[in-house]
Amino acid sequence: MDIIQQLSKGVVDGIAHLYGETTTADSVNLSVTRKEFEGDYTVVVFPYTRFAKKKPMYIGGELGQYMKEHIPQVTDYNVIKGFLNLSVADTYWTEFLLGMANDTKYGQQPATGKKIMVEFSSPNTNKPLHLGHIRNILLGWSCSKIYEAAGNEVIKVQIVNDRGIAICRSMLAWQKFGAGETPESTDLKGDHFVGKYYVRFAQEFANEYKEWQFSKQAEALYAANKKEGQSEEDFFKAYKNDYFNEYSLLGKGAKEMLVKWEANDPEVRALWKTMNGWVLGGFEETYNSLGVDFDKLYFESDTYLLGKELIQKGLEMGVLHQEEKRVWTDLENIGLAKKTIIKSDGTSTYTSQDLGTAQMRNTDFGAEKVVYVVGDEQISHFQGVFEILKRLKEPYADGLYHLAYGMVDLPTGKMKSREGTVVDADELIAEVIEEAKQGVMEGGEMVNLSEAAQQNTFRQIGLAALKYFILKVNPRKRMTFNPQESVDLQGNTGPYIQYSYVRCSGVARKAEEVDISLAKDYKTLEPQEKAIIIKLFQFGEIIQEAAKDYDPSLVAAYCYDLARLYHKFYHDLSILKAESEAAKSFRLQLSAAVANTLASGMDLLGIEMPARM
């Protein structure tokens, strides 16, 4: 029974003894004491005034005295208004520290027997990965690591959006303007090459649309359909999508290509296979740079027909409705409008594809929970998909969860892939690594390392800066990415935490052979030491909380707090020249515990720790 459980039980027993009231350990409001007050843990006693019929100050005093008398680990207490602050014996903390100091798996939770699938990244094969994808990838990877540390079996998957109108835009642009060039002939990474034609399509379409606006057909449409007071510029800005579907020659070509693809046209399929191969090869390079991999890849081209089978089941059950080729359902019961599942031309929507993918993955793995890491602009989409699956009485429907993360903006505004105004993932990775190189070389600590070791360290530090900058923000919050701030090696950053780890490791390297058994003779803790040990004690709880809340930022904040506490300890107290051999041995053990826990915590964020900085 750890100290949290002992204190909670003590409160329950104390309330029963003092006031004859039955409570539960889960109802006890227990937290770490705020640093401005004396004590280690605080109990909120306000809820007990209801039956104790006394002021909170008196309840706190009576309960504190009871716990001091009945729990050996409680050495003292004080009461501030309705808050009972309890002090825990130093011996408890020293025994805890020495028991976990060299445990590299400390914090890992017991196996739950549960299986969790995490879907993340899931890009379109028409453009390279960008900053928005990076947030998705890092969240998915970190959540997977956290769920695993929480004792679950984890399957990492992505659904590659390898078909649809967006893919056909890139294909059509290459057909019209590519003149047979390839990634090899242009010396471009495959995904960058195809993305160039996605942007080219958007540029050509914009020119086509601009020219069409001067036609008599456009003038007649404006005259017949404009709203009162609506300018010609505003009308055509709003009409852009309608133009694509009704009048655009490029739009017509892309839509015809999609229909041919679904009809298995050999020429279209061959081009599609070639261009997808280029993109997928490029994606793999980026994933390798980020240290990310997947257990299984799913492709929309394989799942959209399976979705149609589920749709037929829904039609037979009366859950879905059909008008000619169009299939739809009414989602008013969850606050949404009618949702189209199959378009009027008979082609699939993302809803039909996601229905099929969900069924296929359940057959493959039978996970109890499936977490979709997808931006919050898709909230209503997934609400609809999950509701349809529940109506279809699919047994896995209740285990589906959408981790809806906020989008990433630039200081100059929202990114737009079609216009090429995005932060490219590969360029960003190279930039932060180069920035790390410049910052680290100024310190002079790298001169004794080989060239390969230096380059690896630059990579570790640069990626830590990038990953931590993204993951320290709560996933549900929209964030603005500032390239200059992301590569700052000071403050609340990944490199700052890495430096704390390097300090721990450096102390261990400099220490002469020490009898670690002497650490048990160290009896009285300094405040800086106690603060670190209490923080170490919280690591397992943080893992569980982060898993429950789908929130890696909790782990990031924990690592930063632990690093700050260690830096203060390092500056305030001597380690290698401690006042006694027992103190020296104990502080070396404390440093080892911090190093192991920081390495474990940062690993949950996908961040490696360097040996030197």
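Which element gives the largest share of the lining of the second largest pocket? The answer is α21, with 6 residues.

Before the details, some ground rules. This is a predicted model, in which local features need pLDDT of at least 70 and side-chain atom pairs count only at pLDDT 80 or more, while totals for chains, interfaces and linings use all residues. Residues are numbered from 1 along each chain as its sequence is written, and side-chain values use heavy atoms, with hydrogens and water left out.

Back to the pocket. A pocket here is an open set of points on a 1 Å grid over the protein atoms alone, with protein on both sides within 12 Å along at least five of seven lines; a cavity is a set of points where a 1.4 Å probe fits but cannot get out, and lining residues have an atom within 4 Å of a point. Grid points are joined across faces, edges and corners, and a volume is the space filled by probe spheres set on the points.

The second largest pocket holds about 800 Å³. Of its 22 lining residues, Thr33, Lys35, Pro527, Ala531 and Leu565 lie nearest the centre. Two or more lining residues come from each of α21 (527-537) and α23 (553-572); helices (H or I, at least four residues) and strands (E, at least two) are DSSP runs, numbered from the N terminus. By class, this lining has 7 nonpolar, 5 polar and 10 charged residues. Ala, Val, Leu, Ile, Met, Phe, Trp, Tyr, Cys and Pro count as nonpolar, Asp, Glu, Lys and Arg as charged, and the others, Gly among them, as polar.

Next, the cavities. There are 3 of 30 Å³ or more. The largest has about 70 Å³ of space, and its lining includes Met117, Arg361, Tyr372 and Leu400. Helix α15 (350-365) and strand β11 (369-375) each supply at least two lining residues, and α15 gives the most, with 3. The lining divides into 7 nonpolar, 2 polar and 1 charged residues.

The second largest cavity has a volume of about 60 Å³. Among the residues around it are Arg459, Lys467 and Glu608, and its lining has 3 nonpolar, 2 polar and 3 charged residues.

Last, a helix pair. The axes of α6 (residues 165-177) and α13 (residues 266-290) come within 10 Å and cross at roughly 100°. Axes are lines fitted to C-alpha atoms, for helices over the stretch in contact, and angles run from 0 to 180 degrees between N-to-C directions.
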